[in-house]
Amino acid sequence: MGESQAAIFMTRRDVLLSLVAPLRLPRKLRLAVIGTVGHIGDVLTPLPKLPDVELVAVAESDPDGLKIVAGRPALRNAKQYTDYRKMLDEVKPDVVAICNDNGARAGAALECAERKLPMIAEKPLAIDRREYERVKKAIERSGQPVQLILPMRYEPHYAKLREIVTSGVIGEVGQISSQKSYKAGNRAQWYRNQKTYGSTILWIGIHMFDLMRHCSGREFTEAFSYQAQVGAGAGLGQMENTTTTILKLDNGGSASLHMDYYRPDEAPTHGDDRVRIAGSKGVVEYMAATGLTLMERGKKPVVVSPLPEAGQVFVDFLGWAFAGQKCTMPLSDIWAVNETTLAAHESVRAHRPVRI
């Protein structure tokens, strides 16, 4: 996401984060950050409400990333490195946030796991299967807390959607459909190269794969995808701007995700995310234009309110890892969403469904 898009995205999320209550931890924590891409705002924005967390160091060498460092006081005032390995060895942090590009993420996660450091990381953990398996084994060996920056599941409307589905109101889930549509904007260089980006399915599809699985309570068993670049300007490089993935559910049902970077610059928001879950007794769906709507058999549709308070992925991680709070993103979730996303990505080149 370019700087203009990042500003729009973080402003929307900042509204939610401002509602999150302060978290007290049993001891002071030294935080180090590797990279500044993607959802770095989900780590930086809550810091004023985390008095026990000190951001002590940041590692960044990319020119676009250095602009972000210069523009964020929390990063600008931390000790700066170009080599994250040197940073980890010299600073010896208590916790690490990994926000580097997709291609470099596996290496950073391996280094943190080998040093037995708790980490919260951008997603996916790796852009190919071999690297992912290496990271998975290293994390399991480390025995340290790990979480992914998957903030959508903490937003109030999706939290309520999950509550409705798990209550059994709509019956057995048989079909899920979802959408992510974004403005293309002016993308940083790392987006434009598949070696650093991976693919659009890997970068933004993982958000919705996690959300569909988390809210529906169903597992995915198979994925088949198309993705391409159609009608894009030169500013996207190798980045795909249209994708569709079909998934098979563990009970024989189906799910679909379509994504694009065609949202006009004139649209009121950067993104347009939608989720619809249909079951044997009704349907529940969310889109920003209409809110969260529940349609039960034999009843009139209703717009659901009130919604729960917003959560926050970084605060949630710290509460679990260091304050004994409940873990809401266990390793089983992390492995499931990474393996679903890799299967969806791999099926494009395989030209066939890929088992999960």
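**Two helix pairs in close-up**

Helices α5 and α6 lie roughly parallel to each other, because an angle under 35 degrees counts as roughly parallel, over 145 as roughly antiparallel, 65 to 115 as roughly perpendicular and the rest as oblique. The model is predicted, so local features need pLDDT of at least 70 and side-chain atom pairs count only at pLDDT 80 or more, while totals for chains, interfaces and linings use all residues. Residues are numbered from 1 along each chain as its sequence is written, and side-chain values use heavy atoms, with hydrogens and water left out.

**View 1. The packing of α5 with α6.** Helix α5 (residues 84-91) packs on helix α6 (residues 102-114) at an angle of about 20°, their axes being 11 Å apart; axes are lines fitted to C-alpha atoms, for helices over the stretch in contact, and angles run from 0 to 180 degrees between N-to-C directions. Helices are DSSP runs (H or I, at least four residues), numbered from the N terminus.

**View 2. The residues between α5 and α6.** Tyr-84, Arg-85 and Leu-88 of α5 meet Gly-107, Ala-108, Glu-111 and Cys-112 of α6, where contact means heavy atoms within 4.5 Å.

**View 3. The crossing of α10 and α12.** The axes of helix α10 (residues 200-216) and helix α12 (residues 331-350) come within 9 Å and cross at roughly 130°. The two helices, α10 and α12, are therefore oblique to each other.

**View 4. The residues between α10 and α12.** From α10, Ile-201, Leu-202, Ile-206, Phe-209, Asp-210 and Arg-213 take part in the contact. Their partners in α12 include Ser-332, Asp-333, Ala-336, His-345 and Val-348.
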